[in-house]
Amino acid sequence: MNILIKNGYVIDPKSNLEGYYDILIKDGMIWKVSKNLATENVHYITANRVIDASGKYVMPGFIDLHVHLREPGYEYKEDILSGSRAAAAGGFTTICAMPNTNPPMDCEEIIKAVIDKAKDAFVNVLPVGAITLGQEGKEISDIPALVKAGAIAISEDGKSVMNSDLYAVALKQAARLGIPVFAHCEDKALSKDGVINEGDKAKKLGLPGISNSVEDIIVARDIILAKETGAKLHLCHCSTEGSTYMLKIAKELGINVTGETCPHYFTLSDSDIPGDDSNYKMNPPLRSRKDVEAIKNALKNDILDIIATDHAPHSEEEKSRPMKNAPFGIVGLETAFSVTWTELVTTGIISCRQLVEKMSVNPAKILGIEKGCIGEGLTADVVIVDPETEYVIDKNKFLSKGKNTPFHGKKVKGRVLYTIVSGYIKYELN
Ligand SMILES: NC(=O)N[C@@H](CC(=O)O)C(=O)O
Ligand SMILES: [Zn+2]
């Protein structure tokens, strides 16, 4: 299948290309990027499909470092096929699958099974291996075997490895193997049975709170250990002002650390929680307005490098429970681009270029993969968006099995129109 994308506004920071270009995709690859490409004069190649992208933006496909696909074990929440389909609808062409499955992705066999299953997926799925066996925090997984089987990174996501001695060993191994460590920063002894951010809202709802120190303490520890071990540390879902300050200092000191946040942390604060509604329950929790401002500022100043979704689907039944008893997590694949465009780009907090850097270029760089770019000769992973369309988010239209979102009914601007993975149109808005 050959595709010609005509008249689109291309934003490709890695090639330092921004402007109106046509793109010819052939045999799964970016064949030509040029002004005024006509099908007939491109080496006799005719396009089977011509996409008129006038007034649209063309970007390298988004890469999500933080997705919970729930397979194996929790297929009632999501599976590789449904989650990857939702990813394509969100403009993502590559996603990382977190290991907190059942059983966790802590051995060669499970990593291989996920890779095998992902052959039918709508987008590229890259598995992340669990740091400890069963994610129990007691015994380290066979990390070299996980990497050999295809794990792109390691993580204990859902929790932290609380034993610093064990964690340091894992960091050293990751450093030696050249893979990043995705860190969920949460001091379990401190967070206890906390449900939402510590503060007025928690008091009002009579719910146990989660303080900023729960995150900040482990962020500090992990940065210190990254310095000592030389590991490539990636801080997942940063939500606090403190995290952004420590990230800034760590970068200034030349420590190999990157930071991620998610759309909900720069859009909502705990004061937006309307009542006992579990669609507002996630870990880390929605923080104070001051934290939200700090997160936005850190995105603007490129202290935070990555916008990921932390797509965490749960069943209707699980999320209709009162906050105290519902699992943590919200879905995000199908809302991330529109929410980010609305909250950060149309407001001038970040540029389009920065959006592409944070959702495509930087994730590719962290993973060390040749993606996040529309360069000639590279695999054709491309997203086409409409920057002007306004619509209302409707969870009932999600392709994900998970409908648990606090953004249902939110009016947004900017919409994904096409997602092209390895030269195939995997999503098209109709
Ligand atoms: N973020 C969440 O609230 N939940 C995630 C786990 C995680 O990413 O920490 C999940 O797996 O449900
Ligand atoms: Zn996490």
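Modeller: The account below begins with the annotated residue and then turns to a helical residue and a pair of helices. The model is a predicted one. In UniProt, an unreviewed entry places the feature "active site" at D310. D310 belongs to the loop that runs between β15 (306-307) and α11 (316-319). Because 30 other C-beta atoms lie within 10 Å, D310 is buried, the threshold being 20 or more. Apart from neighbours within four places in sequence, the contacts of D310 are H66, H237, C262 and G332.

S243 is a residue of helix α8, which spans residues 241-252. S243 also counts as buried, because 31 C-beta neighbours fall inside 10 Å. When residues up to four places away in sequence are set aside, S243 touches E215, D216, V219, L235, C238 and G259. Between S243 and K227 the separation is 16 residues in sequence and, from C-alpha to C-alpha, 16 Å in space.

Helix α7 (residues 212-229) also packs with helix α4 (residues 164-177): their axes come within 9 Å and cross at roughly 50°. The two helices, α4 and α7, are therefore oblique to each other, and their crossing is right-handed. On the α4 side the contact involves S164, Y167, A168, L171, K172 and A175, which meet R221, L225, A226 and T229 of α7. Sorted by class, this contact of α4 with α7 comprises six nonpolar, two polar and two charged residues.

Technical notes: Residues numbered from 1 in each chain as written. Chains lettered and ligands numbered in written order. Predicted model: local features only at pLDDT ≥ 70, side-chain atom pairs only at ≥ 80, totals over all residues. Helix = DSSP H or I, 4+ residues; strand = E, 2+ residues; numbered from the N terminus. Buried ≥ 20, exposed ≤ 12 C-beta atoms within 10 Å, placed from the backbone. Contact = placed C-beta atoms within 7 Å. Axes fitted to C-alpha atoms, helices over the stretch in contact; angles between N-to-C directions. Parallel < 35°, antiparallel > 145°, perpendicular 65-115°, else oblique. Left-handed = near helix turned anticlockwise from the far one by under 90°. Nonpolar A, V, L, I, M, F, W, Y, C, P; charged D, E, K, R; others polar. UniProt positions renumbered as here; feature names shortened; annotations may be inferred.
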